[in-house]
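Morning, everyone. Please have the model open.

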Amino acid sequence: MEPALLVRLTPTGPWRIGPESGARDHVESILHSDTLFSALCSAFVRLGRLDEWLDATLRKPSAPEVRLTSCFPSLDGQRFVVPPRSLWPPLTSAKVRWKGAKCVPLPVVQSLVAGENLAEGSWVVDGPSECLVPADRPRGPFRPALRSSAAVDRLTGCAAPHTTACLEFADGGGMWTVAAFADDAAKERWTPRIKEAFRLLADSGFGGERSSGWGRSAAPEFEEGILPNLILAPREPVPAPVEGEEAPPPPETAWWLLSLFSPSLDDTVDWNRGDYALSLRSGRTESSAGWGAPKKSTRMLTEGSVIFAGQPVCGVALDVTPEGFPHPVYRAGYAVSIPIPWRATT
């Protein structure tokens with residue numbers, strides 16, 4: 001088990017999480033772990049702790065002291081997450097289009113992991129947010145929206161109107177993430193500093209259009225605990241077999257990713273098994289040394305991927321420095337994963 005810190009964010013206005021395509025009229029619903037890591041780097045620059053942060057993560061010869069999940073939506077205290085691909089979607093239903101849900105509540109994952117069937121009449125898919133929500137409260141944590149604005153040329157006074165997509169959060173809507181620590185010493189050292197960084201980011205903003213006041217949050221809420229218990233409740237012990245009966249073999253253990261993941265040379269993943277997907281990540285630099293330079297593209301395993309490995313995977317930070325850029329630029333591919341029994345859908 002790993003010490004960890006749960007961070008809850010309550011947006012006070014629209015958020016813009018840019019899609020991989022960069023299109024202004026589209027928006028992502030998940031703040032991916034590599035982007036969140038970059039945001040923390042930016043916060044630690046302003047707090048005067050960047051070198052200390054990089055020494056503990058990117059420059060660490062072994063596993064980093066801190067790893068981050070992606071930032072997922074929440075509503076009224078209910079946390080949503082990308083479900084394990086090996087367990088989602090359930091069998092085809094005449095009532096619920098399960099595969100239309102990108103994120104589901106954590107209790108749903110708990111039921112799937114336990115091998116329980118979902119009650120079709122209890123759930124609906126909220127189309128705009130692509131979240132699975134209770135049928136008696138059919139609203140999602142946010143709505144994608146388009147907001148109009150105009151750029152005004154200071155010399156000519158001519159205006160160039162444009163629209164930008166954003167997330168508009170419902171009352172009670174929010175985002176959450178978990179910081180996982182390498183050990184208790186790392187937890188003691190980094191918990192107050194991670195809290196400080198998130199408080200700064202809540203004031204300055206996450207994602208795009210921060211100069212317009214987007215991406216801000218009320219004061220973050222924190223909860224200390226351990227993984228995997230902050231995500232999934234401990235499983236009930238398997239009852240002892242009846243005398244004279246042979247106990248069924250326990251299911252194999254696989255690893256459910258809650259972050260983007262770039263495998264390191266030491267990660268022993270069996271790529272012939274599991275259920276995983278890849279995403280092409282690119283983006284542009286945001287640095288005092290230069291803004292807007294295109295980073296090198298990399299492929300990473302997505303959240304919700306389920307992989308087989310002999311031990312928990314760690315991941316690596318990849319060098320994505322643009323050609324001729326004055327300092328190194330890295331993309332964090334560190335994994336936060338939860339062990340789950342392997343039960344593939346049929």
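Is Glu252 buried, partly exposed or exposed? Glu252 is partly exposed, at a relative accessible area of 41%. For the cut-offs: buried means under 20% relative accessible area, exposed means over 50%, and partly exposed lies in between, with a 1.4 Å probe and protein chains only.

Some ground rules. This is a predicted model, where local features need pLDDT of at least 70, side-chain atom pairs count only at pLDDT 80 or more, and totals for chains, interfaces and linings use all residues. Residues are numbered from 1 along each chain as its sequence is written, and side-chain values use heavy atoms, with hydrogens and water left out.

Now, salt bridges. The criterion is a side-chain nitrogen of Lys or Arg within 4 Å of a carboxyl oxygen of Asp or Glu. That rule gives 23 salt bridges.

Take Glu196 and Arg49. Their closest N and O atoms are 3.7 Å apart. Helices here are DSSP runs of H or I with at least four residues, strands are runs of E with at least two, and both are numbered from the N terminus. Glu196 is partly exposed at 33% relative accessibility. Arg49 is partly exposed as well, at 25%.

Helix α4 also carries Arg193. Which residue does Arg193 meet in a salt bridge? The partner is Glu52, at 2.0 Å from N to O. Glu52 belongs to helix α2, so the pair ties together parts that are 141 residues apart in sequence. Arg193 counts as buried, at 19% relative accessibility. Glu52 is partly exposed, at 29%.

Back to Glu252. Its salt bridge is with Arg273, and the closest N and O atoms are 2.6 Å apart. Arg273 lies in the loop between β12 (253-257) and β13 (278-281), while Glu252 lies in the loop between β11 (221-227) and β12, 21 residues apart. Arg273 is partly exposed, with a relative accessible area of 31%.

On to the rings. How many aromatic pairs does the structure hold? There are 13. Rings of Phe, Tyr and Trp (its six-membered ring) pair if their centres lie within 6.5 Å; planes under 30 degrees apart are stacked, over 60 edge-to-face, and the rest tilted.

Phe37 and Trp53 make a tilted pair, 5.4 Å centre to centre with 35 degrees between the planes. Phe37 is in helix α1 and Trp53 in helix α2, 16 residues apart. Phe37 is buried, at 5% relative accessibility. Trp53 is buried at 0%.

Another tilted pair is Phe198 with Phe206: 6.2 Å between centres, 35 degrees between planes. Both are buried. Phe198 and Phe206 also belong to one aromatic cluster with Trp15, Phe142 and Phe169.

Last topic: charges over rings. The test is NZ of Lys or CZ of Arg within 6 Å of the ring centre and within 35 degrees of the ring normal. Arg79 has its charged end over the ring of Trp176, 4.9 Å from the centre. Where does the charged end of Arg273 sit? Over the ring of Phe308, 4.0 Å from its centre. Arg273 is also the salt-bridge partner of Glu252.
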